[in-house]
Amino acid sequence: SRYSMKITCGATSGNISGYQAIETLNAMPFAGQTVTFSGKFQSSATPTITLYVEYSTGVDTALTGSWTSATSVSGGTGAAGASSFSRVSGVWTVPSTAKSLRVWWTATLAASGILYAGETQLELGLVPTTFTRAGGTIQGELAACQRYYYRKNSELNGGGFGMGQCYSTTVATVVSNHPVTMRAIPSIAQNGTAVALANGNRTNTVSMANNGTNTSIFSADITTGGGLVIGNATTFNGASSSSTYYIEANAEL
C-alpha cells in the first residue's frame with residue numbers, strides 16, 4: 001500500500017482501532033446486501049487484525065451513535081504482514097432496514113509497536129477486489145474528504161484566510177469559500193495566533209465565532225484586541241511570527 005496510516009503505540013501496550021461512519025447517501029446501496037470489508041496491514045509484530053461491519057436504522061448516524069453488528073458470514077480476522085502488507089477481509093450481510101453503516105478494525109500492539117493500515121474498502125460481493133479510490137484520483141479523493149473536513153494552515157509571514165469588513169473597532173466579519181461543498185453546515189475553529197490587517201494596523205485575533213457559515217461559504221466574526229476602523233476592509237492572516245495557526249471546518253458524522 002503506497003499510501004497508509006501509521007499508528008505508533010504509546011509507552012504501554014494497548015488496543016488501537018480505526019473507524020469510519022458512512023452516511024445514508026452512500027450506505028443505502030448496501031442495505032439488504034452481502035458485503036466484503038477489507039484492508040491491508042503491516043507490522044513487524046504481526047498482530048491479529050479484527051474487522052467489523054455495523055449498521056444503524058437511523059439517518060446519518062454519528063460515529064459515536066448506537067450501532068448493531070451486521071451478520072458475519074466468513075473471515076474478518078487475520079495477521080498483519082511482518083515485512084510487507086497483508087490483506088485481511090471478511091464477508092457480512094447487511095439487513096434491508098440499514099440506513100447508515102460503520103466499519104472499523106482493531107488490533108493490540110505492544111509498547112512502542114508500529115502498525116501501518118491502508119486500502120480499507122467496503123464493497124458489494126463475496127470477495128475483495130483491487131482497491132479503487134472513491135474519487136478516481138488522489139485529487140478526487142481529496143475533494144471527497146474535504147466534503148467532511150478541511151484545514152487551512154498558515155504560511156510563514158502570514159497566510160491569508162479571508163477578507164471582510166470591520167463593523168466595530170474590535171470586530172470584523174471575514175468570508176471565504178470552502179474548497180468544496182460540504183456535507184452539512186460545518187463547525188469552525190481556530191488554533192494558534194492570527195491577525196486582522198486593516199488600515200495598516202495588525203492586531204491580534206482574540207476569538208473567532210461562526211457568523212453565517214454554510215455548506216459553501218466560511219463566514220466568521222473575528223474579535224481582536226482593538227485598532228480596527230469601522231467600515232474599513234480587512235484581511236485575516238496567520239501571525240507573521242507563527243506557522244502553526246490554522247482554521248478548520250468540520251462536517252463529520
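Reply: Two strands are taken to pair if DSSP finds at least two bridges between them. In this predicted model, strand 13 (residues 171-177) and strand 17 run antiparallel and are joined by seven bridges. Within strand 17, Phe-218 is the bridge partner of Ser-176. Strand 17 itself, residues 217-224, is mostly covered, with six of its eight residues buried.

The largest nonpolar core may be taken next. This core has 27 residues, and the members that touch the most others are Phe-41, Ile-49, Leu-51, Leu-101, Trp-105, Leu-115 and Leu-122. At least two core residues are supplied by each of strand 2 (14-22), strand 3 (34-42), strand 4 (48-56), strand 8 (86-93), strand 9 (100-109) and strand 10 (114-124). Strand 9 gives the most, namely five residues.

With its neighbours within four places in sequence left aside, Phe-41 is in contact with Ile-49, Leu-51, Ala-80, Gly-81, Ser-84, Phe-85, Ser-86, Val-88, Trp-105, Leu-115, Tyr-116 and Ala-117. Another core, of 15 residues, lies apart from the largest one; among its members are Phe-161, Met-182, Phe-218 and Ala-220.

Thr-24 belongs to helix 1 (residues 24-27). Thr-24 counts as buried because its relative accessibility is 13%, the cut-off being under 20%. A polar contact of 3.4 Å connects its side chain with that of Ser-100. Beyond its neighbours within four places in sequence, Thr-24 is in contact with Gly-58, Val-59, Asp-60, Lys-99 and Ser-100.

There remains the open space. The largest pocket holds about 1,600 Å³. Its lining consists of 43 residues, and those nearest its centre are Gln-20, Thr-120, Ala-134, Glu-141 and Cys-145. Two or more lining residues come from each of strand 2, helix 1, strand 9, strand 10, helix 2 (138-146) and strand 11 (149-153). Strand 10 provides the largest share of this lining, seven residues.

Technical notes: Residues numbered from 1 in each chain as written. Predicted model: local features only at pLDDT ≥ 70, side-chain atom pairs only at ≥ 80, totals over all residues. Heavy atoms only, no water. Core = buried A, V, L, I, M, F, W, Y, C linked by side-chain atoms within 4.5 Å. Buried < 20%, exposed > 50% of the residue type's maximum accessible area, 1.4 Å probe, protein only. Helix = DSSP H or I, 4+ residues; strand = E, 2+ residues; numbered from the N terminus. Contact = heavy atoms within 4.5 Å. Polar contact = N/O pair within 3.5 Å; in protein donor to acceptor, adjacent residues only side chain to side chain. 1 Å grid on protein atoms, 1.4 Å probe; cavity = no way out; pocket = protein on both sides within 12 Å on 5 of 7 lines; lining within 4 Å. Points joined across faces, edges and corners; volume = space filled by probe spheres on them.
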